Every structure is written in C-alpha cells, then in structure tokens.
Amino acid sequence: MSELLGLTVAEAAARISAGEIPGAEYTEAWREAAAGDELNAYLWRADDRTSGTPPNGEDSGTFGGGDGPLAGVPVAVKDIFCAEGIPTTAGSRILEGYRPPYTATAVRRLHDAGAGVLGKTNMDEFAMGSSNENSAYGPVLNPWDRGRVPGGSSGGSAAAVAAGLAPCAIGTDTGGSIRQPASLCGIVGLKPTYGAISRYGMIAFASSLDQCGPLTRDVTDAALLLSALQGHDPCDSTSVGIEGGIAAPSREDLSGLRFAVPSELARDGIEPGVRAVFEATLETIERLGGELSEASLPHTEHGISAYYVLAPAEASTNLARYDGVRYGMRAEAGELVEMYEGTRAEGFGDEVKRRIMLGTYALSSGYYDAYYGRAQRVRTKIAADFAAAFSEFDFVVTPTSPSVAFNLGEKTDDPLAMYLNDFFTVPMSLAGLPAISIPAGLAEPEGGGPRLPVGFQIAAPAFGEQTLLEAAFALEREIGFDARPGKDGDG
Amino acid sequence: MAELEPVIGLEIHVQLSTRTKMFCGCELSFGDEPNVHTCPVCLAHPGVLPVPNERAIRYALQIAVALECEVAPRSIFHRKNYFYPDNPKAYQISQYDVPLATGGRLGDVRIHRVHLEEDAAKTIHVGESGRIHGSAASLVDFNRAGTPLVEIVTEPDLRGAAEAAEWAKLLRTTVRQLGVSDVNMEEGSLRVDANVSVRPAGSDELGVKTELKNMNSFRFLERGVEAELARQRELTDAGEPVVQETLHFHPGDGTLTALRSKEEAHDYRYLPEPDLVPLAPTEAMLSDARESLPELPAARIARYETELKVSSESAALLAADPGAAAYFEQVLEEPGGADAQTVANWVTGELTAALRQAREKDGVDEPSLDPGSLATVIELVRTKAISHGSAKQLLPTLVLEGGDPVEVVEREGLTQISDSSELEGIVDAALEANPEAAEQVRSGNGKAIGAIVGAVMKKTKGRADGGEVNRLIKERLS
C-alpha cells in the first residue's frame with residue numbers, strides 16, 4: 001500500500017493506464033491516507049459520508065473517463081472551487097453548509113481527464129491570508145513543524161501534498177497563494193499565466209488576479225495537471241488557454257537560458273538561511289549552463305502597496321453578494337439593513353472585514369483616482385518592467401518567500417508583516433505572469449530550530465509555461481531535493 | 001418676471017427581446033411563475049462569471065446606429081455597487097465612463113449616450129407601505145434578473161410635457177421597427193424617466209432638475225412632467241429654490257412624492273468589471289447593424305412630406321405604423337396613379353376603421369385588403385363611378401369577403417346616381433320634408449344644406465353624387 005503512495009502522479013497514472021495497478025486500489029490507498037489527516041488540512045473528504053451529499057446523487061469520488069491521462073488519480077481540491085453538492089465554504093463561516101448547484105470548470109476538467117475529488121482543503125477565508133490562520137475552521141498545521149504555519153492561502157492543499165495526505169492538489173493564487181505555501185511546505189507550486197485556466201466556479205477574491213494552479217510533489221506532476229486544467233472556457237470571457245498545450249518536461253540542462261535576478265527584490269528582510277539557499281541555487285543554475293545577470297525592475301518594490309489597494313477593491317465588490325438573501329448564512333433580523341449587517345458581521349472574519357473596508361474606501365467617490373487609479377498605473381508600470389526584462393532574459397528568479405515557515409500566531413497581530421510574505425510573489429500576479437516555486441533546500445529559521453524548506457521562484461513571460469516547466473525540471477533534477485516532513489524535519 | 005421655459009431630458013430603458021438573459025443562458029419571460037428562469041449565474045452564486053449575450057450586443061448596436069450615434073471602438077463594462085435584494089451580485093453590470101455609443105439624434109432631440117446593462121429582479125413588498133420599509137415581508141422574483149437593457153439618455157432638448165410624450169412615442173416606434181424590443185410601457189419593457197427643470201425663457205443655463213420615475217404610460221409621462229413643471233413654476237414664482245431630488249409618480253392621483261433621500265444617496269463605487277473584456281465591435285458587426293436598419297419613422301416622415309407632398313399629420317400617422325406605411329406605398333405603386341395624399345387619407349381613415357371593425361366586431365384575426373383593391377376603390381370614387389359614401393360601405397365588405405371591387409359594386413347596386421333626372425325627384429322630396437332647413441338655406445345659412453343632402457343620401461343609401469345633389473338643391477333654392 002505505502003508503495004502506491006510513494007509514486008508520483010505521473011508514475012501512478014502511467015501504471016494505471018498500463019493496467020499494472022487497478023485505479024480503484026490507488027484511489028482507496030489515498031482515501032485511507034487522507035483519512036489520517038491530523039493537520040486540519042481537509043474541510044471535507046470524499047469518504048466522509050456524514051458531511052456531504054455527493055454530486056448528482058452519485059458517489060462524490062466518481063472518476064471521469066477511464067483512459068484519460070489522470071485516470072484513477074484523486075486530487076485534493078482547495079475549498080474555493082465549487083463542486084456540485086459538495087460543501088464549499090471558501091474557509092468562511094458565511095458559506096457554512098453551502099452546497100453549490102454547479103461544478104467549477106477546473107474540477108470538471110480534472111474529472112474529464114479521469115481524476116476525482118479526494119477532498120476539499122482548508123484555506124484562509126476567501127483566500128485572504130499567507131498563513132492559513134484566517135480560516136474560520138482553524139489553521140492548518142505545517143507537516144514539517146506542527147507549531148508553524150503551512151503558508152497560505154492554499155495552505156491545506158500544500159500541507160496535504162507535503163504530508164502525504166494527497167498525491168496532488170489544486171489551489172488558487174492571487175498574490176502568492178499557491179507559491180508561498182508550496183515554498184513553506186517543500187513542494188512544487190505553479191501559478192499559470194492569468195487566463196490559462198478558467199476561473200468559472202472558483203470563488204472570486206480579486207478577479208483580475210485570481211488564477212488556479214497545481215500543487216504537486218514535482219515539476220512533472222505540475223505539468224501533467226496543468227495540461228489537463230488549461231484551456232479556453234466559454235464560461236469565462238477572460239480565459240484563453242495555452243496555445244499548443246503542455247507536454248511533460250524533459251530538459252536536462254539550462255545552457256543558453258538567461259536568468260535575471262531583480263536588484264530591487266534582492267534586498268533586506270530576507271532570512272539569512274533563505275538567502276543562502278537562494279544563492280546556492282543560483283550557482284546550480286550556472287553549473288547547468290544557465291547565464292545569470294542582475295536586472296532592474298524598478299516598480300516591483302511598490303507591488304505590495306498597489307496589490308493591497310487593487311485586491312481589496314475587487315474583493316469588496318466580489319464579496320458583496322454574501323448578503324444572506326439567497327444562500328449561506330443569514331442573521332435573522334426585523335429589518336433589511338439589520339439583516340445585512342448582522343449576516344456580514346457574524347459571517348466574515350477579521351481579515352476579510354479589514355479588506356472589504358480597505359477596498360470600499362479605495363473605490364469611494366473622491367478617492368478612486370488617488371487609490372485605485374494610482375494602483376492601476378503602478379500595475380501597468382510593473383508589467384512594463386517585466387516586459388523590458390523579458391526582452392533580454394528568459395526568466396526572472398527570486399526566493400519565493402522571504403522566510404521559511406513561521407510560528408503559528410507570530411504575525412497574526414501585525415497585518416503589514418504578514419502582507420510582506422507576498423513581497424516576491426505579488427509582482428508576477430500584478431503582471432499576470434506564470435511563476436513556479438520549487439523546493440531548493442532546507443534552512444534554519446531565524447531564531448533557530450530544525451531546518452525547514454526554502455522555495456525558489458522562477459517567473460517567465462506570459463504563456464511561457466512550457467519553457468518555465470522545462471527549466472524548473474532541469475533545476476529540480478540537479479538540486480535533487482528529497483527531504484520529507486518527519487524524515488529531515490523534526491516531524 | 002420673465003416667462004419660464006421647461007427643459008426636459010429623458011432616460012429610457014429598453015428591455016431587449018433576446019431569447020436569453022444578458023450574461024447567462026436563462027430564457028427571458030414575462031408573467032411566468034416566479035423564479036423558474038434562474039441559474040447559478042443570475043442568482044449570483046459564488047464563483048460564477050458573466051458571459052455577454054451576442055444578440056443583445058447586436059440589438060444594442062442596431063439601436064445605437066438607428067439613433068445616429070457614434071459607436072465606441074472599445075466600450076467598458078463597469079460594476080455599479082449597491083445592496084438591495086433585487087440585485088443578486090450586489091452590483092449591476094452596466095457601462096459608465098466609456099458607453100457603447102454617444103452623440104446621436106432622433107428627430108429634433110440629441111442623444112447623449114446609449115449603453116448596455118442588465119435588469120434587476122422584481123421585489124414584491126407585502127404590507128401597507130408597498131415599499132421595503134415597514135413591509136411585513138418582501139419577496140424576490142429573479143426571473144427578470146439579468147434581462148438585457150439598453151439605456152438611452154437624451155440631451156435636455158425637450159420643451160414641454162406633450163412634446164416629451166410625442167418624442168417618446170417616436171422613439172418607441174423606432175425601436176419597435178428595429179424588432180429588438182416589445183417596447184411595452186405597461187409591461188415595463190419600455191421605461192421612461194424624465195429629468196425636468198425650468199429656466200427663464202431664452203436663458204442658456206440649466207435650472208436645478210428633478211428626476212421623475214414610475215410613469216408607465218405615455219399619458220402618465222405627460223401628466224407627470226406637466227405636474228412637475230407646474231410645481232417648479234410655482235416654487236420659482238414664489239422665489240423658492242427647486243431641490244434636486246427623485247420623484248415618484250403615482251398613477252392613481254397623478255401626484256409626485258420624493259423618495260427618501262436615504263434611498264437615493266448612493267455612492268456606487270464604480271469599478272471596471274474585471275470579469276469581462278472590453279466590448280470592441282468588429283467592422284462586420286457594425287456593418288451588419290447598419291444594413292439591418294429599416295427606414296425609420298423620422299426618415300419616413302421626411303420622405304413622405306418632401307417627396308410625396310403628404311401632410312405632416314398623415315406622414316406621422318403612417319410612419320408610426322410600419323404596416324400601414326408599407327401598405328400605403330403598395331397602393332401608390334398600383335396603376336391608376338392615385339394622388340398620395342388621397343391614398344394616405346384612405347389608408348389612415350376609412351381603411352383603418354374598416355380593419356378595426358373587422359377585428360373588433362366581426363372577430364377576424366388578421367383582416368386585410370389587397371392594395372390593388374383599395375387602388376380600384378379610390379379610382380372608382382375619382383371617376384365618380386361610385387360616391388364617397390358608397391365607398392365607405394364597400395370597404396368592410398371587401399375586407400371581410402375580398403373580391404373584385406367593380407363586381408361587388410355591381411352586385412350590391414352601389415353605382416353612383418349622378419343622372420339629374422333621376423335625382424331631381426328625390427331632391428324635391430327632401431326639400432318638402434325639410435322646410436325649415438330649406439328656409440335657412442334660402443336666408444343665407446349655407447350649413448343648413450347638410451340636413452337636406454343627408455336626407456337625399458339616406459334615400460339613395462349613399463349612392464347619390466354629392467356634387468350633383470348640392471348643385472340641384474342650390475338651383476332650387478336660389
């Protein structure tokens with residue numbers, strides 16, 4: 001049984017399709033593994049008969065087409081994706097008990113490729129957070145050190161894959177919500193180009209930034225999932241898909257490829273251990289024949305400021321529909337406005353309320369130009385910075401996160417410190433670019449303790465996913481990261 | 001004190017008659033059971049996205065082109081944010097600073113802008129107030145939520161209540177002729193709000209305006225604007241200021257009441273809709289819209305007046321009814337070369353009456369008369385083969401039974417009696433029977449002749465030649 005769990009998704013899918021393993025046996029092995037969740041990674045599991053009505057009255061673990069590339073593969077799905085009949089909360093009290101009447105395109109595409117839903121994973125409420133501590137259903141614990149956060153907002157998906165509770169997962173990334181938890185949990189996380197994967201059925205946080213992506217054990221699995229997920233969807237006017245599709249990466253060296261390190265992003269505030277792993281990875285790139293240069297992306301420094309105007313502004317209107325009228329929680333009251341206020345006061349957590357207020361303010365008459373308008377102009381300039389860099393270089397590289405996983409509760413009282421976790425990931429989100437985080441090594445946290453995973457981020461031009469995956473594949477192979485929670489960490 | 005001049009602009013919402021809603025695949029409906037035409041998208045479930053209705057865009061472009069507007073190369077959808085149970089997303093997808101089209105004209109009125117948006121759901125408030133405040137309960141029917149709407153905003157070019165109502169009718173006919181909406185005010189597929197102000201006649205400045213809502217017929221529009229103009233004149237004459245506010249028209253007693261300021265004090269926090277890309281009509285879409293334009297009422301009125309020398313009243317009557325106008329032109333093409341004004345009079349007068357009678361009294365669903373037959377009837381009158389009165393009797397028969405007018409005239413014995421020898425006796429009898437009228441005519445009251453002519457017509461069942469009868473009466477009484 002454990003041998004099955006040791007396989008990557010690509011290996012398992014190949015064996016299932018060759019008839020060497022029965023798909024049902026593989027699925028069952030993972031259901032058992034998921035049932036052992038001690039990290040609060042799952043909010044709902046397919047085997048949990050008490051908490052969910054399966055979609056269409058069928059077994060919610062039903063899998064799609066028998067000979068698809070993901071036949072028999074169970075996927076952990078962030079609780080932000082709607083799946084018909086399966087409880088979907090987006091980590092919020094306001095959607096407690098909500099069962100969507102329809103299924104997200106991303107989930108449907110996985111199903112069409114032969115996969116099924118293993119469970120719904122915990123997350124920061126409405127994807128707002130970098131530690132998973134903003135979930136209304138309690139924080140997810142980092143499998144490397146249960147006193148630490150797994151990152152966020154896709155913390156449940158990252159922890160599940162890292163802890164061997166799922167073979168692979170999907171999440172969403174608005175300003176780093178796939179890459180940062182992947183980094184903190186020592187797995188691969190890919191945020192595709194904005195528009196590569198349909199957003200239909202993915203509960204909106206900031207619509208112009210949100211993007212679905214895979215969280216996997218290795219780069220090959222990320223490519224396999226992306227291949228199934230990507231594509232234009234008539235239900236999402238902003239989706240375009242990736243021309244030519246995605247193939248399994250096979251590149252072994254980096255010769256002829258030019259990597260740029262942004263001078264503005266290589267600054268203070270990076271933990272020494274993270275910096276050491278980052279620099280060692282740069283040496284690995286050179287060893288593989290890649291060329292390294294410093295590049296200037298002068299406006300990326302202002303990424304966080306712009307992001308924390310734009311994302312809350314969009315969120316303030318996206319979350320306005322949770323009004324207690326049609327579905328979800330409702331606070332009973334004698335008057336309409338009282339009902340609205342009571343529902344939203346009880347239903348939303350502090351961070352969500354903070355961002356709704358920020359966003360409402362930024363869009364208010366008389367402030368729009370000073371905040372939203374200005375932030376949009378910064379966004380345009382950041383995109384122009386990247387475009388200039390990509391006219392000279394193939395990739396831009398940074399650490400994924402300035403630190404390794406931090407302690408639970410360490411930053412909950414300091415939203416600004418929490419927001420800085422996204423310093424390296426937000427610029428790519430603002431520019432709509434694809435970026436991947438791969439585990440690059442282990443480092444001791446500031447203040448000491450057992451060593452924890454460090455992620456290395458590679459960003460590419462829009463729709464350059466195939467080249468990005470090739471480079472990440474070559475680098476992953478050379479780095480040879482094989483640490484696992486409980487094996488090299490403190491368990 | 002200088003005379004006060006009304007300044008009126010209209011804001012019109014037109015519900016498009018597409019098969020499905022603006023941003024989802026639900027069917028449009030009117031009067032169906034509540035909440036049967038809904039889906040996750042129009043109920044604003046978490047995670048859904050809007051997909052624009054191609055046909056709605058086409059219809060909106062047709063309206064923009066018909067109103068001679070300039071279509072924006074890339075117009076932008078915005079979110080207009082406000083909380084209300086009829087607004088499921090808590091924002092309406094509309095257009096804001098870059099609308100679909102701007103700067104057009106219909107008749108004498110300039111068009112400020114034309115944009116696309118979606119309709120709200122319907123709320124029904126249970127209780128005495130009829131409003132959400134103080135209602136016992138409120139119910140929401142989402143069937144209407146997401147219905148495509150085109151909003152048309154005019155410049156403040158109208159100068160009176162009747163003029164406003166007349167222009168709104170012209171707009172309705174124009175949109176109806178495009179075939180893009182039912183434009184029914186009672187059913188709400190055409191909604192007209194008015195911005196009303198007054199100013200000293202001749203002034204270029206605009207006074208403080210009020211916005212009038214809920215006038216769901218042309219008559220109510222006229223009455224509402226009239227009432228508001230009277231109120232504003234009274235205030236101004238008394239030296240009191242007009243306050244900018246939204247007024248609700250009550251059809252029952254024709255009064256206007258202000259909506260609570262709380263209800264209208266909105267900061268809509270407009271945001272470019274991130275779920276939709278800009279609307280960039282292709283050249284093909286634009287030429288398609290242009291080519292699909294029928295001749296619109298304003299152009300038709302102008303053509304009838306200048307080319308066919310038809311009176312402006314007849315031209316307007318014909319242009320308001322595309323079917324009648326088409327029929328009118330077919331009759332003109334018939335051999336015989338009837339005068340256009342004469343044909344217009346027949347079409348808008350006797351024929352319309354005959355068709356209505358067939359529909360209402362005889363229960364004929366689609367009464368008709370082929371254009372050639374009407375041309376023949378007109379010719380028979382012109383050559384005095386039948387009298388005008390006989391022709392009036394003939395039309396209902398032809399509408400109900402069809403047939404060759406000449407044969408029907410023969411069969412029914414409707415040929416005109418213009419032979420004096422035949423008429424003399426009848427005229428004499430009529431004079432004897434109406435001595436008072438005869439005396440009045442003798443003493444110079446020309447109008448009194450009507451009674452005598454009437455008696456002759458009664459006797460001849462309308463077949464007498466009116467001219468000849470007049471001549472004979474005057475001859476005998478002179």
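Predicted model: local features only at pLDDT ≥ 70, side-chain atom pairs only at ≥ 80, totals over all residues.

**Strands, core and surroundings**

Mentor: Of the 491 residues of chain A, 62% count as buried. The secondary structure of chain A amounts to 15 helices and 11 strands. Its C-alpha trace extends about 70 × 60 × 45 Å along the principal axes. The radius of gyration of chain A is 21 Å, which agrees with the value near 23 Å that a compact globule of 491 residues would have. Among the contacts in chain A with a separation of 6 or more, 76% join residues 24 or more positions apart.

Two glycines of chain A illustrate the two ends of the burial scale. A:Gly441 sits in strand 10 (residues 435-443) of chain A. A:Gly441 counts as buried because 21 C-beta neighbours lie inside 10 Å, where 20 or more are required. Apart from neighbours within four places in sequence, A:Gly441 is in contact with A:Val277, A:Ala280, A:Val454 and A:Phe481. A:Gly231, by contrast, is 210 residues from A:Gly441 in sequence and 33 Å from it in space, C-alpha to C-alpha. A:Gly97 belongs to the loop between strand 2 (74-78) and helix 4 (105-112) of chain A. A:Gly97 is exposed, because 11 other C-beta atoms lie within 10 Å and the limit for that class is 12 or fewer. A:Gly97 and A:Pro87 are separated by 10 residues in sequence and by 6.1 Å in space, C-alpha to C-alpha.

Now to the strands of chain B. Nine strands of chain B form an open sheet with mixed pairing, in the order 2-5-6-9-1-10-11-12-13. Strand 2 (70-71) and strand 13 (255-258) of chain B are the edge strands, each pairing on one side only. Within the order, strand 6 (residues 109-118) and strand 9 (residues 148-154) of chain B pair in the antiparallel sense over seven bridges. B:Glu117 has B:Leu149, in strand 9 of chain B, as its bridge partner.

Strand 3 of chain B also deserves attention. Strand 3 (residues 77-81) of chain B is mostly covered, with four of its five residues buried. Strand 3 of chain B runs antiparallel to strand 4 (residues 91-95) of chain B, and five bridges join them. One pair there is B:Asn81 with its bridge partner B:Tyr91, in strand 4 of chain B. Strand 3 of chain B is also joined to strand 14 (residues 271-272) of chain B, again antiparallel, by two bridges. In that pairing, B:Arg79 has B:Leu271 of strand 14 of chain B as its bridge partner.

The core comes next. The largest nonpolar core has 273 residues, and those with the most contacts inside it are A:Val75, A:Ile458, B:Ala60, B:Ile63, B:Ala64, B:Val114 and B:Ala164. Domain 1 (4-291) and domain 2 (297-412) of chain B both contribute residues to this core, so the core lies between them. For B:Ala164, leaving aside neighbours within four places in sequence, the contacts are B:Ile8, B:Leu10, B:Leu158, B:Ala194, B:Leu221, B:Glu222 and B:Val225. Another core lies apart from the largest one; this core has 13 residues, including B:Leu423, B:Val427, B:Ile452 and B:Val469.

Six residues from domain 2 of chain B and six residues from domain 3 of chain B take part in the contact between them. On the side of domain 2 of chain B that touches domain 3 of chain B, there are no nonpolar, five polar and one charged residues.

How values were computed: Residues numbered from 1 in each chain as written. Chains lettered and ligands numbered in written order. Contact = placed C-beta atoms within 7 Å. Nonpolar A, V, L, I, M, F, W, Y, C, P; charged D, E, K, R; others polar. Core = buried A, V, L, I, M, F, W, Y, C linked by C-beta atoms within 7 Å. Domains from an automatic or database assignment. Rg over C-alpha atoms; globule rule 2.2 N^0.38 Å. Pairing = 2+ DSSP bridges.
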